[in-house]
Amino acid sequence: MLIFTSDSHRGHARSSEFFRGSLVPCFESALRTDLIQSYLEVYKFGEFRSPDALPMVALEQIHSSEYLQFVQTIHSRWCQKLQAEGQSVAPETVEIIPHTFPTRHLNQNSVPNSVYGQVGYYAMDTATPITAGSYEATRGATLCAVNAVQALAEGKTATAFSLSRPPGHHASSDGFGGYCFFNHAAVAAQHWLNLLRSKGATTPSIAILDVDFHHGNGTQSIFYDRNDVLFVSIHADPAEAYPYFLGLRDETGHGEGIDCNVNLPLALGSGWGEFGPALQAAMERIASFSPQGLVVSFGADTHEADPISGFRLSTANFNRMGNMIRELNLPTAIVMEGGYAVNILGEATYEFLNGIDLDR
Ligand code: Q9C
Ligand code: ZN
């Protein structure tokens, strides 16, 4: 297995987020990928690579140009605004948290000029602070996912892992939240379709399997009306868990994308007894779609030890999960999403990767 990592993630260094109404230390930290990398290195798992600077046309196909511009420039524009208001500002210490949102009965149809307004316009929550290095970090994570797909398409490996942060599956075409800015899994799937088309395929297709505890609302919304990407997600019932406002079973796609969106929500407290059959159903749906490749949005936050989630998977269950996906026998790009239990993160990820590895 080839594993792509980029050091740019270190610039995305936030101190605190709002969690259930209180300001708490960020769960999504650089420690997460450090712990996974050292665990994999100790067990000599996989071959680590730095990503090549591949063209990222797919990034511009997935996200709107105004949103890409926003993510790239917001931190410096926010700091300039504070300075203009007379505050002395050290940009490295400034963390942007939105505070006013265009909810029902407010104007959602135009982007405000104010930087404060813009942050609320593009945000979905108050858990996703932006720091000076957030843009470079999220871009580096997308580049790792694109490199994973490129290596698969070139036949260099059958399984590739993008060990990156921040995660991506809550990011929509023009929205950030849930610790996510760019949707790496979506860009990876789009890059794969582009490569297949450039080699002459007329109707290529890719499946995305999302096994993070939280529903991948961004990925769902990006592909909701398309039939070249099948999105299948197992997650906590949004009636009880973040992101609350998407991820129900009856969301099955729209227009050409009808029946290409499959949500398998599970109750809080679910363990392998519930997760295993849902994964089996997901495998059958993906197999019948017959895609040329598989992108897995992998979150380790389904583990029983996770501090912000509510499933009860054991470390051994992660190996079974990987093994079941491996049975599809599809070239597979694994993209890191959530997982916040730092004491088991390395081991659970290792067990999953060892289970899914087609190169072993
Ligand atoms: N009361 C990912 O795992 N905050 N994102 C939840 C619950 C946001 C998780 C607050 C959780 C986002 C990629
Ligand atoms: Zn998650």
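This is a predicted model: local features need pLDDT of at least 70, side-chain atom pairs count only at pLDDT 80 or more; totals for chains, interfaces and linings use all residues.
**Ground rules.** I kept in mind that local features need pLDDT of at least 70, side-chain atom pairs count only at pLDDT 80 or more, and totals for chains, interfaces and linings use all residues. Residues are numbered from 1 along each chain as its sequence is written, chains are lettered from A and ligands numbered from 1 in the order written, and side-chain values use heavy atoms, with hydrogens and water left out.

I then checked burial (under 20% relative accessible area, 1.4 Å probe, protein chains only). Asp212 counts as buried because its relative accessibility is 1%, and His214 counts as buried at 8%.

**Ligand 1.** I counted 14 residues around ligand 1 (a heavy atom within 4 Å). His214 and Asp301 are among the closest.

Next I looked up polar contacts, pairs of N or O atoms within 3.5 Å. A side-chain atom of Arg20 sits 3.2 Å from a ligand nitrogen, and a backbone atom of Gly178 is 3.0 Å from a ligand nitrogen. Tyr340 brings a polar side-chain atom to 2.6 Å from a ligand oxygen. Alone, ligand 1 exposes 410 Å², of which the protein buries 94% (Shrake-Rupley method, 1.4 Å probe).

Definitions and conventions:
Buried means under 20% relative accessible area, exposed over 50%, partly exposed in between (1.4 Å probe, protein chains only). A polar contact is a pair of N or O atoms within 3.5 Å; within protein, one must be able to donate a hydrogen and the other to accept it, and residues adjacent in sequence count only if both atoms are side-chain atoms.
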